[in-house]
Amino acid sequence: MSQTLVVVGSQWGDEGKGKITDYFARHADMVVRYQGGNNAGHSVAFDGKKYSLQSIPSGIFNPATVNVMGNGMVIDPLSVLRELKALEEKGIKDYQLFISTRAAMVMPWHPVLDGAYEGNRGEAKIGTTKKGIGPCYSDKYSRIGMRIGDLLEPDYFRERLEAALAVKNPELRMLGLPEFNADEVFDLYMEAAAKLRPMITDTSALVNRHLEGDNNILFEGAQGMMLCIDHGTYPYVTSSSPSAASAPVGAGIAPQWIKTVAGVLKAYCTRVGEGPFPTELHDEIGDGIRERGHEYGTVTGRPRRVGWLDAQVARYTARLSGITHWTVTLLDVLSGIDTLRICKGYELDGEIIENPPSTIAALQRVKPIFVELPGWKEDITGVTSYDQLPQNAKNYLAKIGELTGVPVGLVSVGPDRDQTFIVADELKKFIK
Ligand code: IMP
């Protein structure tokens, strides 16, 4: 009987999911990405080398692991080829990668439109990665999108391309942007298709075949729950749902396969781009965390906004994603802070509220209610088990469990693969 583990970001993305997914991916027979695209970005460090991934699943480093880019993703074929080339240049040549025929395909006008919409939003800009994610998902749902499988049928691809351009070129013209030529796009994508063809397949069938065997299957979420198109801080969100609830749809499996969900929780909070952030720090504690945690975007290089851990957000995302364990990352970054704070709840217009409000207007008015805990001075980057942690670090983790109702299952104290230890026995079954 196969076992499944979903890894989801529980805050605003950049929780260190890459590191946690990599930790489990080494023991996985299959790793499946189910939403988002190359707006995700993370680096993985091992054997003294640093690798960067955007849309490719984290199991790519292990030749025995089958990697799947699921139907729920938005995939830019040219970007996939660039990512593969960069990996191959660093010696990652032996891999198994499959791309869903049903995944939405990022076309060259999507990043252009993403940039143009952002420009037109002025002060109200979302701060997107400008990879074309929103415009591509919009076209999918407007049913004028193109899909990866179209690449396998050149005549059909051409037909779909012309239908899409009949809608897109007038829009580009209206925005004062250059139009796209069908012949040029056709040639560019057919060249990519020639290279990707062996990888393009019905991945839902592939994943289900693996589920029927005796395999460790990891579902890798991208971004974080507060960037969820449905449950996040709309409109300052991405255009998909990073929730574990979207794994079945985005991978093409039945929901009852999902049992264990690891929520990646950074020991503090960060956010890139615009939007409300109730526990944001604007002082030297925040600056110190940003520097020690290297909180600068992997995709865009932007400095991330930094704040205290928000247990209100964690409770909310745990409920929405069915999180069974927290995997707490970057705990080491908090070393040396005298007094730590965790937001235990929000007050809105003089009342304590149970759940984050739905509008930005209300979220901007919430006041975080903090609990304070004494910090620890010790460098914990060499700690290899829970028992070795300073008592105050243990207390901090216990507080997370108490405030969220979800136990801490794994702790990460540095970027390296070895700086990770499991606390909850149940997660050990995913380690072979
Ligand atoms: P988009 O996904 O490029 O449309 O960007 C929408 C919002 O999600 C922006 O605030 C981005 O900064 C944010 N975002 C997208 N991907 C990530 C990620 O992987 N980590 C953190 N933030 C992200």
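# Backbone exceptions, helix packing and aromatic pairs

Asp14 lies in the loop between β1 (3-9) and α1 (17-25). Helices (H or I, at least four residues) and strands (E, at least two) are DSSP runs, numbered from the N terminus. The model is a predicted one, in which local features need pLDDT of at least 70 and side-chain atom pairs count only at pLDDT 80 or more, whereas totals for chains, interfaces and linings use all residues. Residues are numbered from 1 along each chain as its sequence is written, and side-chain values use heavy atoms, with hydrogens and water left out.

**Backbone geometry**

Although Asp14 is not a glycine, its phi is positive, at about 60°. A positive phi also occurs at His294, another residue other than glycine, where the value is near 50°. His294 is placed in the loop between α9 (284-292) and β13 (305-307). The peptide bond that joins Tyr234 and Pro235 is cis, with omega about 10°. Pro235 belongs to the loop between β10 (216-224) and α8 (247-251).

**Accessibility of selected residues**

In the table, buried stands for under 20% relative accessible area, exposed for over 50%, and partly exposed for values in between (1.4 Å probe, protein chains only).

| Residue | Relative accessible area | Class |
|---|---|---|
| Asp14 | 24% | partly exposed |
| His294 | 61% | exposed |
| Gln312 | 1% | buried |
| Ala222 | 3% | buried |
| Lys377 | 60% | exposed |

**Packing of α5 and α6**

How are helices α5 and α6 arranged where they pack? Helix α5 (residues 154-174) packs with helix α6 (residues 182-196) at an angle of about 135°, and their axes are 10 Å apart. This angle makes α5 oblique to α6. Axes here are lines fitted to C-alpha atoms, for helices over the stretch in contact, and angles run from 0 to 180 degrees between N-to-C directions. Angles under 35 degrees count as roughly parallel, those over 145 as roughly antiparallel, those from 65 to 115 as roughly perpendicular, and the rest as oblique.

On the α5 side, Pro154, Phe157, Arg158, Leu161, Glu162 and Leu165 meet Ala182, Asp183, Val185, Phe186, Tyr189 and Met190 of α6. Nine residues of this contact of α5 with α6 are nonpolar, none is polar and three are charged. In this division Ala, Val, Leu, Ile, Met, Phe, Trp, Tyr, Cys and Pro are nonpolar, Asp, Glu, Lys and Arg are charged, and the others, Gly among them, are polar. Contact means heavy atoms within 4.5 Å.

**Aromatic pairs**

Rings of Phe, Tyr and Trp (its six-membered ring) pair if their centres lie within 6.5 Å; planes under 30 degrees apart count as stacked, over 60 as edge-to-face and the rest as tilted. By this rule there are 10 aromatic pairs. The ring centres of Tyr23 and Phe24 are 5.4 Å apart and the planes stand at 85°, so this pair is edge-to-face. Tyr23 is buried, at 12% relative accessible area, and Phe24 is likewise buried, at 1%. Trp109 and Phe180 have ring centres 5.9 Å apart and planes at 65°, so the pair is edge-to-face. This pair links distant parts of the chain, for Trp109 is in helix α3 (residues 109-121) and Phe180 is in the loop between α5 and α6, 71 residues apart. Trp109 is buried, with 1% relative accessible area, whereas Phe180 is partly exposed, at 22%. Tyr23, Phe24 and Phe430 together form one aromatic cluster.

**Surroundings of individual residues**

Gln312 is part of helix α10 (residues 311-321). When residues up to four places away in sequence are not counted, Gln312 touches Cys343, Gly345, Tyr346, Ile353, Glu354, Asn355 and Pro356.

Ala222 is located in strand β10. Apart from neighbours within four places in sequence, Ala222 contacts Lys17, Arg33, Gln35, Ala40 and Pro242. The C-alpha atoms of Ala222 and Asn39 are 8.6 Å apart, while 183 residues separate the two in sequence.

Lys377 occupies the loop between β18 (367-374) and α12 (391-404). With residues up to four places away in sequence excluded, Lys377 touches Ser335, Gly336 and Asp338.
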